Amino acid sequence: GRVFGNGSCNRFMGDAAFSGEGLRLGPLASTMMACPDAVMVQERLVFLTLEQVIGFDIDATGELVLLGAEGPVLRARAAADGSAP
């Protein structure tokens, strides 16, 4: 029922709800460390996008695809060594 992660600069956490292929994240909270402006803008967009997720899929290549109301919004793939990206 919870999600945790790192958005490049700040850690985030929030509620998570799974139902079949449905997925809801949020509301999300994050730490408030200062980073370069460009990183902060990108990170905030990622956090806002995560809160719009309504489902997920794993494609043929093993990539995690997070889905919003209009289709894919974020994609993630494990690094070649198997670690998280």
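Colleague: Which strand holds L64?
Modeller: Keep in mind that this is a predicted model. The strand in question covers residues 64–68, and L64 is found in it. That is strand β5.

Colleague: Is L64 buried, partly exposed or exposed?
Modeller: Its relative accessible area is 30%. Buried would need under 20% and exposed over 50%. L64 therefore counts as partly exposed.

Colleague: What separation do the C-alpha atoms of L64 and A76 have?
Modeller: Leaving aside neighbours within four places in sequence, L64 has several contacts, among them L74, R75 and A76. L64 and A76 are 12 residues apart along the chain. Their C-alpha atoms are separated by 5.1 Å.

Colleague: Which cysteines does the disulfide join?
Modeller: The structure holds 1 disulfide, with an S to S distance of 1.6 Å. It links distant parts of the chain, from the loop between β1 and β2 to the loop between β3 and α1. The partners are C9 and C35.

Colleague: And why is that disulfide called right-handed or left-handed?
Modeller: The handedness here follows from the torsion about the S-S bond of C9 and C35. That torsion is about 85°, so the disulfide is right-handed.

Colleague: How much accessible area do V41, L45 and L48 have together?
Modeller: These three form a nonpolar patch on the surface. One of them, L45, lies in helix α1 and is exposed, with a relative accessible area of 51%. Together the three have about 270 Å².

Methods:
Residues are numbered from 1 along each chain as its sequence is written. This is a predicted model: local features need pLDDT of at least 70, side-chain atom pairs count only at pLDDT 80 or more; totals for chains, interfaces and linings use all residues. Side-chain values use heavy atoms; hydrogens and water are left out. Patches are made of residues with over 30% relative accessible area and no salt bridge: like charges are joined within 9 Å, nonpolar side chains (Val, Leu, Ile, Met, Phe, Trp, Tyr) within 5 Å. Accessible areas come from the Shrake-Rupley method with a 1.4 Å probe; for residues, only the protein chains shown count as cover. A salt bridge is a side-chain nitrogen of Lys or Arg within 4 Å of a carboxyl oxygen of Asp or Glu. Helices (H or I, at least four residues) and strands (E, at least two) are DSSP runs, numbered from the N terminus. Buried means under 20% relative accessible area, exposed over 50%, partly exposed in between (1.4 Å probe, protein chains only). A disulfide is a pair of cysteine sulfur atoms within 2.5 Å. Contact means heavy atoms within 4.5 Å.
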